[in-house]
Amino acid sequence: MLSSNISGKFHASILVLILCFAFYMAFIPHAEYSYPLHVDEWSNYGLSKAVSSSGSITHTEPFFGNRLVHDHPEIGFHLLLAEIQLLTNLDWNNIYRFFPSIFFVFTVACAFMVARRQGYGLEAAFFASMIPTTVRILGPALLVPVSLGLAILLIVLFILHHLKPSFPKALLLFLFLFSLHLTHPPTALAAS
C-alpha cells in the first residue's frame with residue numbers, strides 16, 4: 001500500500017514536470033514578444049475583439065469595415081476568447097501571449113487522461129508536449145482554433161473509449177462535437 005502511494009506521488013510529480021515543460025515549450029515564441037505572432041492569430045485577434053465590442057456574433061468586419069460578419073465558421077473560438085477577455089479583464093496582448101501555453105497544458109493533460117488507462121499516460125503527455133509549431137502547420141504555441149481543437153478532439157476520444165454507453169455519454173459527445181464544429185470545423189470533420 002505504501003509503495004503504491006509513493007508511486008502515485010512520483011507519477012504525479014512527473015506529470016507536473018511534463019505540464020510545466022509543455023507550458024514552457026508553447027511560451028518560447030512569446031517570451032520576448034507580447035503581440036500575436038502569425039497572421040491567423042492577428043485575424044482571430046481582430047474578430048474576437050469585434051465580437052467582444054459588439055456584444056454579438058454579428059459584427060462589422062474589423063479589418064476593412066465594409067461588411068457585416070454573421071456566419072464566421074470559427075465563431076466558437078472568437079466567442080471563447082471574447083468571454084475570456086470579459087471575465088478576466090486581461091489585455092488582449094496578454095491573452096495572446098499566455099493562453100497558447102494554457103491551452104497547450106490543457107491539451108497535454110487531455111493526452112495523459114486518454115492514455116492513462118492503457119498504462120502510457122506519462123509517455124503520451126511527454127510526446128504531446130513536443131508537438132511542433134511552425135508557420136506552415138501552425139501548432140500549440142499559437143492562439144489559433146486548431147490548438148484548442150486538439151484538446152477537444154482528445155476529450156471526444158476519451159468520451160468514446162472510457163465512458164459506458166448511456167444518455168449522458170451521448171449528450172457529452174454531442175456537446176463537445178458541436179463545440180468543435182463551432183471552434184474548428186476541419187478538426188470536427190476529423191472527429192466525426
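These legends describe close-up views of a predicted model. Local features need pLDDT of at least 70, side-chain atom pairs count only at pLDDT 80 or more, and totals for chains, interfaces and linings use all residues. Residues are numbered from 1 along each chain as its sequence is written, and side-chain values use heavy atoms, leaving out hydrogens and water.

**View 1. Leu 17 in helix α1.** Leu 17 lies in helix α1, residues 2-27 (helices are DSSP runs of H or I, at least four residues, numbered from the N terminus). Leu 17 is exposed, at a relative accessible area of 56% (buried is under 20%, exposed over 50%, partly exposed in between, with a 1.4 Å probe and protein chains only). From Leu 17 to Val 69 is 52 residues in sequence and 43 Å in space, C-alpha to C-alpha.

**View 2. Helices α2 and α4.** Helix α2 (residues 39-54) packs on helix α4 (residues 92-116) at about 125 degrees, with the axes 11 Å apart. The two helices are therefore oblique to each other (under 35 degrees is roughly parallel, over 145 roughly antiparallel, 65 to 115 roughly perpendicular, the rest oblique). Glu 41, Asn 44, Tyr 45, Ser 48, Lys 49 and Ser 52 of α2 meet Trp 92, Asn 93, Tyr 96 and Pro 100 of α4 (contact means heavy atoms within 4.5 Å).

**View 3. Two cysteines without a disulfide.** The whole structure has zero disulfides (a disulfide is a pair of cysteine sulfur atoms within 2.5 Å). For Cys 20, the nearest cysteine sulfur is that of Cys 110, 17 Å away. Cys 20 is partly exposed, at 48% relative accessible area. Cys 110 is buried, at 3%.

Key:
Axes fitted to C-alpha atoms, helices over the stretch in contact; angles between N-to-C directions.
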